Amino acid sequence: MLKIEGIEASYGPVKALNGVTIEVPEGAVVTLLGPNGAGKTTILRVVSGLLRPSAGRVEFDGRRIDRRSAEAIVRMGISQVPEGRQLFEEMTVHENLMLGAYTRHDRDGIKADIKRLNGYFPILEERREQPAGSLSGGEQQQLAVARGLMSRPRLLLLDEPSLGLAPLISREIFRILRQVNREDGITILLVEQDATSALSFADYGYVVETGRVVIEDTSDKLKEDENVRRTYLGY
Amino acid sequence: MIEVFLAPAPWNDLPLFGEQVISGLATGSIYALLALAIVLIYRSTDVVNFAQGEMAMLVTFSMWSLTLAGFPPWTVIFIGIALGFALGAFVERTIIRPVEDKPPLNVVVVTLGLFVLLNSIATWIWAQGELPKVFPTPFGFTSVDVGLARVSTHSIGILVVALIVMSVLYLLFNHTKLGLGMRATAHNPGASRLMGINVGRMLMLGWGLAGAVGAVAGMLVAPITFLFPGFMLAVLLYAFAAAVFGGLDSPPGAIVGGLVVGVAENLFGTYTPGDIFGPEMKLPLTLLLLVIVLMFRPQGLFGHVETRRV
């Protein structure tokens, strides 16, 4: 579904990616592991069109997308839940959800989707008219995920959805994401610091260090890998 | 000889007081419109547009020429609004976008440069012949009784037009999808792109709207001050005061600020004791009032202090 081939990218003079190749098959959950500053977020930014790669190519459903605008990429069915949530804090919960559906024109479908997401995240219904900035960290993350789903993506990019959350809340979010993946068939590319949660959630993983992929394998195999265990799982 | 003039106390001459308040509200709503234009742009692009008044001036002069060429008044008004929109959008695309990511001072210099450029263009085209030029109002200058006070029909026209413009903006921003996208872009352009919003187009539309609203302010004020290349300067000063007073990022603040400034200006002009200050002191006194308010509320009446949850 998503094919990233040998992409390179930089922020000014600093090279962030040195030829990264990643494949995400339809229906799968794939995770990117690695230390801070390894380039994981940069990979997501390239896929969602916020950053142009200087080399390599990105294909979605066989169509090249690395020269397209972020808006066009959302319309093609890729949605990103960005690092730090990036909610519209002064706007209400409902307005945030409506902005998630900005590319859609089917009023009834949007209404139905909000209703369905309220089932996943009941707190959003309760807080509907409150400014997003007044929500707790866990509630904000739920809203960010819900907003990301409102465009009806086929591929969901998640950047550190558990960052700063209590373990119980982050487990709940992963439970919902699994449901979204299995029941709605949404493919997921996940960037995560917490390797234990990530590997128990994902089917396949890539370890990214200093702008390149150093290991890739199924989650089960990665959990067994000596280096991954020592560096990322801590046992 | 200095004329010593002291108006009777408001309670001794209610009609005078009423007239001053209503005409203050009328000029105040012109300040409010220009302040709204400034706030719209500041919110969405973080640019303080010093050329806002001169953009309106250029449009008003063009309208004067169209009137002279024989176009009917309402046609001229609609062309003026469209011209204001087009000029705003054009300025954003060609002049502002290239300096968008540069340090804020660069943008300040660019809008100041635009101020000088537009002023020179207007002087070059229209300053031959007599200045100032008389600019027509579709409302006329007849006096009518409103309660106790006598007010000119132009003042009433100003109030009605301002109310319409503000209502249209309110509906646009709060009840349309386009408005939702424009507000989102103002709050967080990066996240807006991830929602599939064409941020560049929203910024251009924002500047266009501001240009149109500014043009309305220009055509409302020109019948009072007459038309010359510097006629928007005082209005711009008051509008800035109004915008800062209300909070630079708050549209309702711009409206309240404009009305407060307009009324305060009139009341200071009328009621300051003539043996101490002349009515000329109304501008500094008005600004002093605002400075005092800002000492206690630096973000303005309705402005937001930058807060962020970490």
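**View 1. The largest nonpolar core of this predicted model has 163 residues.** A core here is a set of buried Ala, Val, Leu, Ile, Met, Phe, Trp, Tyr and Cys residues joined through C-beta atoms within 7 Å, and buried means 20 or more other C-beta atoms within 10 Å of a residue's own, with C-beta atoms placed from the backbone. Leu33(B), Leu34(B), Ala35(B), Ala239(B) and Ala242(B) have the most contacts inside it. Helix 8 (residues 199-225) of chain B gives the most to this core, 16 residues; helices are DSSP runs of H or I with at least four residues, strands are E runs of at least two, and both are numbered from the N terminus.

This is a predicted model, where local features need pLDDT of at least 70 and side-chain atom pairs pLDDT 80 or more, while totals for chains, interfaces and linings use all residues. Residues count from 1 along each chain as its sequence is written, with chains lettered from A and ligands numbered from 1 in the order written.

**View 2. Here's where chain A meets chain B, with 20 residues from chain A and 15 residues from chain B.** Contact means C-beta atoms, placed from the backbone, within 7 Å. On the chain A side, helix 2 (70-76) and helix 3 (93-100) are the elements that give two or more residues.

**View 3. Chain A has an open, antiparallel sheet of 4 strands in the order 2-1-4-5.** Strands pair if DSSP finds at least two bridges between them. Strand 2 (14-24) and strand 5 (63-64) of chain A sit at the edges with a single partner strand each, so one side of each has no neighbour in the sheet. Strand 1 (residues 2-11) and strand 2 of chain A are joined by 8 bridges, and Ile4(A) stands opposite Ile22(A) in strand 2.

Key: Buried ≥ 20, exposed ≤ 12 C-beta atoms within 10 Å, placed from the backbone. Contact = placed C-beta atoms within 7 Å.
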